[in-house]
Amino acid sequence: MAYLLQQLANAVPVAALYAALAFGYAIAFGVTKRADITYGAIFAFSGQILLLFTDLGYNRLWLILPAALAMGTLFSLIYSMLAAAWIGRSIMLPLVRQSSNTVIVAALGITIVLMETARLASDTKSLWLSPFLNSVVVFWSDGAFKVALTEIQLINTGLMCAMIALGVIIMRGTSWGRLWRAVTDDPLAAELCGTSADRVFLVAYAAAGLITTACGILATFYYGTMDFGAGLMFGLKVLMVAAVGGYSDPFKSAAGAAGLGVAETMWSAYGPYLWRDLVVFSLLVLLLVLSRRERAIP
């Protein structure tokens with residue numbers, strides 16, 4: 001029983017990360033309507049920039065760790081948001097207008113560019129953060145076995161849940177949320193009603209970029225590093241994870257992704273770890289096939 005409770009506790013931070021990523025991806029997908037692995041690439045890119053500038057501040061500028069982390073976080077936000085804004089304005093928006101199917105190909109190219117940029121900037125070195133906020137918070141104890149999480153896990157989970165809650169409030173309770181829904185339903189009709197579909201597209205893409213950047217920073221804080229190949233892997237995983245709850249509602253997408261995070265953790269605890277990704281991706285493909293809807297072309 002204690003082991004099960006610990007695994008459920010371990011699933012909470014993973015579920016929060018998947019939910020936040022899926023929430024942001026659904027916002028971007030609503031305006032692009034195409035699979036976009038660039039989202040995962042920005043997630044990895046933000047973590048790699050964080051590591052690069054934290055290492056610069058800590059080892060070369062001799063800053064204390066909190067100051068170095070603050071410096072890394074600031075530059076990660078700046079670089080990642082500039083990249084997201086440039087990708088949305090100069091690549092995705094023109095492609096969606098002209099030939100939306102090329103979004104998939106362009107996303108792969110952008111992912112490679114971001115991965116290689118981070119790798120070359122780091123001189124192909126895997127950088128690691130010094131551990132911090134790793135004190136254990138015990139929730140339940142059964143003799144020698146304790147059900148616990150670290151402080152950084154709890155903080156990350158709280159911040160990611162707060163991002164989702166704030167996003168839901170904005171999407172459901174503000175005029176911008178209504179404009180987003182109008183553009184996702186029919187951009188031309190929204191334009192005829194006086195809404196700038198292009199502006200909504202850019203704001204939605206920037207908002208998605210901000211969410212994935214924040215998730216990349218928080219994930220790097222916890223894991224201590226970010227692999228150079230994580231962009232492609234997370235791009236594919238987020239693309240399929242977000243599909244569990246559907247792309248029409250960011251909150252439903254987040255809820256489905258959270259459920260998948262719990263399932264993935266349970267498989268890691270009770271099933272063969274080497275088969276985890278195969279089982280998860282197979283389940284996602286099955287869900288995509290079963291939930292696929294045909295649309296009649298008038």
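I'll start with the helix, then go through a pocket and the cavities.

Quick housekeeping: this is a predicted model, so local features need pLDDT of at least 70, side-chain atom pairs count only at pLDDT 80 or more, and totals for chains, interfaces and linings use all residues. Residues are numbered from 1 along each chain as its sequence is written, and side-chain values use heavy atoms, with hydrogens and water left out.

So, helix α3. Helices here are DSSP runs of H or I with at least four residues, numbered from the N terminus. α3 covers residues 65-98, which is 34 residues, and spans 48 Å from first C-alpha to last. That's close to the 50 Å expected at 1.5 Å a residue, where the expected span is 1.5 Å times one less than the number of residues. There's also a kink of about 40° in α3, centred on Gly-88; the bend is the angle between axes fitted to the seven residues ending at a residue and the seven starting there.

Everything sits on a 1 Å grid over the protein atoms alone: a cavity is a set of points where a 1.4 Å probe fits but cannot get out, a pocket is an open set with protein on both sides within 12 Å along at least five of seven lines, and lining residues have an atom within 4 Å of a point. Points are joined across faces, edges and corners, and volume is the space filled by probe spheres set on them.

The second largest pocket holds about 750 Å³. It has 26 lining residues, and Val-14, Leu-17, Tyr-223, Phe-234 and Arg-276 are the closest to its centre. Which helix gives the most to that lining? It's α1, with six residues. By class, the lining has 14 nonpolar, seven polar and five charged residues. Nonpolar means Ala, Val, Leu, Ile, Met, Phe, Trp, Tyr, Cys and Pro; charged means Asp, Glu, Lys and Arg; the others, Gly among them, are polar.

On to cavities: there are two of 30 Å³ or more. The largest is about 70 Å³, and α1 gives the most to its lining too, with four residues. Tyr-25, Arg-34, Asp-36 and Tyr-205 are among the residues around it.

The second largest cavity comes in at about 60 Å³. Its lining includes Gln-48, Lys-125, Asp-227 and Phe-228, and splits into four nonpolar, four polar and two charged.

That's my tour, happy to take questions.

How values were computed:
Helix = DSSP H or I, 4+ residues; strand = E, 2+ residues; numbered from the N terminus.
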